[in-house]
Amino acid sequence: MSKSTRRIIKGAIIVSLVFVMGLCFAPQAKAAKIKAWSKNSSGKFVNDKGKVIKGATMKGVDVSKWQGNIDWKKVSKTDVDFAIIRCGFGDNIRSQDDEYWEKNVAGCIKYNIPFSTYLYSYAQNTTQAKSEAHHVLRMLKGRDVYFPIYYDMEEGAQAKLGKTKIGQLANTFLDIINQQGYKSGIYANLNWWTNYIPGSFSKDVTVSKWVAQWDSDLDYKGSANMWQCTSDGSVSGINGRVDLNFWFGDYDASWFKRSITVRSGVQVVRPGKTKIKSIKAGHRKLTVKWKKVKHAVGYKVKYSRYKSMKKSKSKIVKGKSTTLKRLKAKKRYYVMVRPYSTSVEGKRLYAKKWSSKKSKKTKK
């Protein structure tokens, strides 16, 4: 082998070694980092550890005055699909309205972001729970929303009431919201869902369940519709931290459109006529039972000693029975019952007709 040939071979070997070493020690391209609480390359939502959130189909935020002025145009360009906006807290008092409610609603409407609302509850009795429901309805002003309306139950003073009373508060609120044709639900943290809210709500498929657990995974044993996963989220257009949420399963905006129409703040659909089932006589009292009517939230019971119903007295009853007391002994009384629902403003909307009249004589 000639000297020149050896030189060529030696050079080729050196070039090859340099090339191989270059491949071995060249900086490797970094894999794209997956952002927490966002979508991965397969289009699946992941948690803060990059693990896929099973069943999550939409990402949302919940906001209140604490987020200040929100640039909803910027939010609309992110991966946020919806917003749950606080309308206020407690009783139906204007000073307890969320001052950013109208501004946030206008922003969502303008930039086509589906939204709904929630109200923070302080209710200690069903009268206050009713007032809180009408607080929501007054703020909505008959608007359609695109997710359930949520009752935020987490106040420490409520926890002392016990499950039965908490259930009564929730039912009072949810029933009034449902009467207006909206879908409704409860928001609470995992501790509340486990220890304070009656188990019947977890099993009721008509009640939307929004569970708060600021962790990498949701440990709720029931079937949650929405998960508030963190209070430390970051979204373009919202200053500072914001709560992030994930909706589970299918979604269709038409599911949440009201099934009734509201005109000038008055519910169009009113309850129908009821029927008195029985009247049981007692000493200076009568126990009256009647048939429960769809859409009714209460009943007006009217009674008189006269068949013409002159000089009648009346009382409002929430259930489907009542006892009329302090009557005269051994006297015949005539009774009629009339169901009612409520308008957006909380006014009673009575059935067009009273029940048929029934009578009974009290015992001595």
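Asp97 is buried, with a relative accessible area of 19%; buried means under 20%, exposed over 50% and partly exposed in between, for a 1.4 Å probe and protein chains only. This is a predicted model, in which local features need pLDDT of at least 70, side-chain atom pairs count only at pLDDT 80 or more, and totals for chains, interfaces and linings use all residues. Residues are numbered from 1 along each chain as its sequence is written, and side-chain values use heavy atoms, with hydrogens and water left out.

**Salt bridges**

- The structure holds 8 salt bridges, each a side-chain nitrogen of Lys or Arg within 4 Å of a carboxyl oxygen of Asp or Glu.
- Asp97 pairs with Arg138 at 2.8 Å, N to O, linking the loop between S2 and H3 to helix H4 across 41 residues.
- Arg138 also counts as buried, at 18% relative accessibility.
- Lys141 and Glu102 form another salt bridge, at 3.3 Å, N to O.
- Lys141 lies in the loop between H4 and strand S4 (149-152) and Glu102 in helix H3, so this pair ties together parts 39 residues apart in sequence.
- Lys141 is exposed at 60%, while Glu102 is partly exposed at 33%.

**Helix H3**

- Helices (H or I, at least four residues) and strands (E, at least two) are DSSP runs, numbered from the N terminus.
- In H3 (residues 101-110), the buried residues are Trp101, Asn104, Val105, Gly107 and Cys108.
- These residues cover an arc of only 160 degrees around the axis, which puts them on the same side of H3; the arc is that of the directions from the helix axis to the C-beta atoms.
- Asn112, which follows H3, has a positive phi, near 55 degrees.
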